[in-house]
Amino acid sequence: MEVRARRADFLAALYWTQSIVERRNTMPMLANVLVETGHGSVRVTATDLEVGVRGRLDAEVLTEGRVTLSAKKFYEIVREAPEETIQLKRLENEWVEIRSGRSVFKVVGLDAREFPQFPHIEGEKLAATPAGILKEMIEKTLFSVSIDETRYSLNGVFIEEREKGKARMVATDGHRLALVERDLGVLGLEKGVILPRKGLAELKKVLEASEDGVVAIGFKENMGLVVKEDVELFMRLIEGDFPDYNKVIPKDNPYVVKVEHEALLRSLRRVSILSSERYKGVKIDLKDGKLLISANNPDLGEAVEEIEVEYGGKPLTVGFNARYLMDVLGVFREGAEVELEVKDEVSPSVMRSAGDDGYLYVVMPMRL
Amino acid sequence: MASIFLPNRRHVYSQFSDRVFAILERYSPEVHALSIDEGVVDLTGTERLFGPPVKTARNILARIEKDLGLSASGGLSTSRAVAKIAATLAKPHGFIFVPPGTERSFLSPLAVESIPGVGPKTHKELLQQGINTIADLLKHPDLRRRYLDLEEAGHGERSHDHSIGNETTLDRPLKDREKMEEVLWELVEEVGRRLRREEAYARCITVKIRYSTFKTITRSRTLTTPTCFDREIFEVVRELLRKNLTPGGSVRLLGVSASSLRSSGWQESMFEIQKRRSWEKLYHGIDRVRDKYGEEAIGVARLHPRER
């Protein structure tokens with residue numbers, strides 16, 4: 001194989017591979033990218049078997065073929081290359097030569113036949129989806145995904161198709177739950193599937209590159225595939241059953257308080273300075289027209305802040321992990337009022353952003 | 001403040017433990033069981049009733065021996081940790097008094113592993129930092145605070161003990177895992193009971209297995225949500241046993257302990273909250289019946305251990 005392409009094009013394609021390649025080095029091949037030729041272009045692929053990305057770039061193909069080489073080193077070499085053109089050539093015994101101007105690198109590769117297959121989904125099975133909305137849905141749920149690897153089915157975001165082209169995404173770590181429903185168009189999903197955290201984090205990056213565009217999205221067996229212009233991303237779906245989330249969404253929390261978004265977020269940031277590093281516990285006291293946030297830490301001291309709110313229910317005290325509240329406030333629409341629906345100090349509370357019926361957040365109180 | 005610490009080796013689950021603690025409670029209202037055969041008695045303020053604490057401590061030990069025929073050892077000092085270390089050194093059948101002001105000189109030459117709560121793992125970590133003796137440890141304020149609280153207050157908010165544990169040497173060595181699980185269930189019931197009595201929830205559950213060869217292993221699991229419910233503790237204990245038991249190995253001692261104790265500062269899982277709330281009611285109900293009518297008054301039907 002021998003190809004010649006623009007340095008900037010190589011760099012763009014390699015950029016997506018950097019956070020995907022396997023760091024732990026359990027299988028040496030997974031630290032490599034596959035570079036292959038086809039139809040006057042070059043494709044660059046990386047995978048850790050759970051998530052994979054493939055980028056396409058225009059190139060002058062001198063001889064067809066494929067090579068694999070270290071994703072990290074290839075990226076660094078291209079980034080520092082002195083000229084605008086990069087020439088890549090396969091040598092004997094899986095060695096690869098990278099040439100740019102007077103700079104010549106020879107790096108070791110691995111047999112390209114050993115590189116894992118990229119899943120193939122027929123074009124007609126893909127659904128066109130608005131990139132901006134998909135990105136917003138990921139942002140509003142991804143932070144609630146569990147990082148506890150023993151709770152495998154919670155390590156991703158559940159996505160299911162609702163009626164009339166609506167889709168719902170749900171994430172939970174057992175302590176909080178985020179649910180968002182938006183018009184995403186018909187996806188062709190027969191039942192809900194769980195998308196892995198790493199795959200979604202990568203997808204979010206891809207979507208950020210052009211928010212108003214359209215992406216093609218499709219599912220096949222245990223794979224999800226997203227295509228956006230020259231980038232294809234696949235992720236292995238998480239097997240297992242997502243818990244019945246409808247059961248844990250409180251339907252009739254009687255006490256509702258309305259509070260200004262910015263005021264609540266800033267107060268939480270300040271007061272939580274004195275809450276413990278690990279649990280970030282803050283106490284919220286609700287009384288007539290007032291919401292008090294306080295933190296008490298035997299090693300450091302205490303903090304309290306009062307916010308005027310719309311509240312006429314009975315006085316209540318509930319403990320929360322401030323981190324969990326700040327996380328959701330970070331993705332609530334700025335300027336919109338926040339509604340907090342409470343039942344008592346042990347039952348889950350619900351948070352909403354006023355005017356957005358498609359998004360809700362359930363949070364468990366903290367034992368104080 | 002004065003504490004006396006009384007460990008004694010004996011068989012689990014006899015009525016003797018209750019009788020020992022009944023004796024302790026005659027001397028002070030502040031009695032805390034650390035395990036079935038270890039307890040702390042706060043003798044602060046008992047001088048006018050019983051005389052100097054040194055005398056009282058000796059009396060307690062003598063009474064346990066006379067009334068119950070059990071050999072006990074004890075330690076007396078100004079803090080719980082020092083008293084426990086002294087009691088362990090006094091074994092068997094001895095008594096060590098560490099007078100106020102001499103705690104540091106008493107502790108300094110001892111190895112760090114004598115500190116309750118410094119297990120094999122911590123011990124190794126400390127050794128790597130060049131900390132061999134308690135004197136070495138006392139030079140590091142952060143480590144001192146963490147492992148050896150000498151200024152521990154006798155009143156006010158009580159910090160939980162490092163762990164609540166229970167172990168038993170078996171009458172005959174066991175090879176059958178189901179039989180071992182039956183023994184563990186009884187140990188778990190006791191641990192659960194004591195956790196609830198202390199209003200503590202444990203984040204870490206440890207199983208100890210000693211084989212007939214005297215090879216001893218301890219295996220722990222840290223939980224996402226702390227627990228004080230027998231059923232939950234047992235699930236963990238059973239799994240640890242299943243994973244770590246050498247097949248065909250003959251076991252002579254089994255132990256269960258609950259550590260990383262706390263009573264606040266965590267969140268329940270929203271998927272478990274209903275179940276846990278009903279357990280809370282169930283176990284507190286059982287505890288009340290037992291407090292009133294004795295340990296044998298009520299038992300929980302244990303699920304027969306079945307492979308899933």
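This is a predicted model: local features need pLDDT of at least 70, side-chain atom pairs count only at pLDDT 80 or more; totals for chains, interfaces and linings use all residues.
## Where the two chains meet

Start with the interface between the chains. Here, 23 residues of chain A are in contact with 16 residues of chain B. Together the two chains bury about 1700 Å². Carbon and sulfur atoms give 54% of that area. The size of an interface is often given in this way, as the accessible area lost when the parts come together.

Seven residue pairs are in polar contact across the interface of chain A and chain B, both residues being at pLDDT 80 or more. On the side of chain A that touches chain B, 12 residues are nonpolar, five are polar and six are charged.

## Two domains in chain B

Nine residues of domain 1 and 12 residues of domain 2 take part in the contact. The area buried between these domains is about 810 Å². Carbon and sulfur atoms give 44% of it.

How many salt bridges cross the interface of domain 1 and domain 2 of chain B? The rule finds zero. On the side of domain 1 that touches domain 2, five residues are nonpolar, three are polar and one is charged.

## A buried arginine in chain A

A:Arg7 sits in helix H1 (residues 7-17) of chain A. Is this residue buried or exposed? Its relative accessibility is 17%, so A:Arg7 counts as buried, the cut-off being under 20%.

What surrounds A:Arg7? Beyond its neighbours within four places in sequence, A:Arg7 is in contact with A:Val78, A:Arg79, A:Ala81, A:Glu83, A:Glu84, A:Thr85 and A:Ile86. For A:Val78, the backbone oxygen lies 3.0 Å from a polar atom of the A:Arg7 side chain.

## Salt bridges within the chains

Side chains of opposite charge can pair when their charged atoms come close. Over all chains, the count comes to 51 salt bridges.

In chain A, the side chains of A:Glu97 and A:Arg99 meet at 3.1 Å, N to O. A:Glu97 counts as buried because its relative accessibility is 11%. A:Arg99, at 36%, counts as partly exposed.

A:Arg270 forms a salt bridge with A:Glu305, with the closest N and O atoms 2.7 Å apart. A:Arg270 lies in helix H5 (residues 261-271) and A:Glu305 in strand E21 (residues 301-308), so the pair ties together parts that are 35 residues apart in sequence. A:Arg270 has 43% relative accessibility and counts as partly exposed.

In chain B, B:Asp291 pairs with B:Arg193 in a salt bridge, the closest N and O atoms being 2.1 Å apart. This pair links distant parts of the chain: B:Asp291 is in helix H11 (residues 273-293) and B:Arg193 is in helix H9 (residues 177-197), 98 residues apart. B:Asp291 counts as exposed, at 56% relative accessibility, whereas B:Arg193 counts as buried, at 4%.

Notes: Residues are numbered from 1 along each chain as its sequence is written. Chains are lettered from A and ligands numbered from 1 in the order in which they are written. Side-chain values use heavy atoms; hydrogens and water are left out. Contact means heavy atoms within 4.5 Å. Buried area is the accessible area (1.4 Å probe) that two parts lose on being put together, summed over both. A salt bridge is a side-chain nitrogen of Lys or Arg within 4 Å of a carboxyl oxygen of Asp or Glu. Ala, Val, Leu, Ile, Met, Phe, Trp, Tyr, Cys and Pro count as nonpolar, Asp, Glu, Lys and Arg as charged, and the others, Gly among them, as polar. Helices (H or I, at least four residues) and strands (E, at least two) are DSSP runs, numbered from the N terminus. Buried means under 20% relative accessible area, exposed over 50%, partly exposed in between (1.4 Å probe, protein chains only). A polar contact is a pair of N or O atoms within 3.5 Å; within protein, one must be able to donate a hydrogen and the other to accept it, and residues adjacent in sequence count only if both atoms are side-chain atoms.
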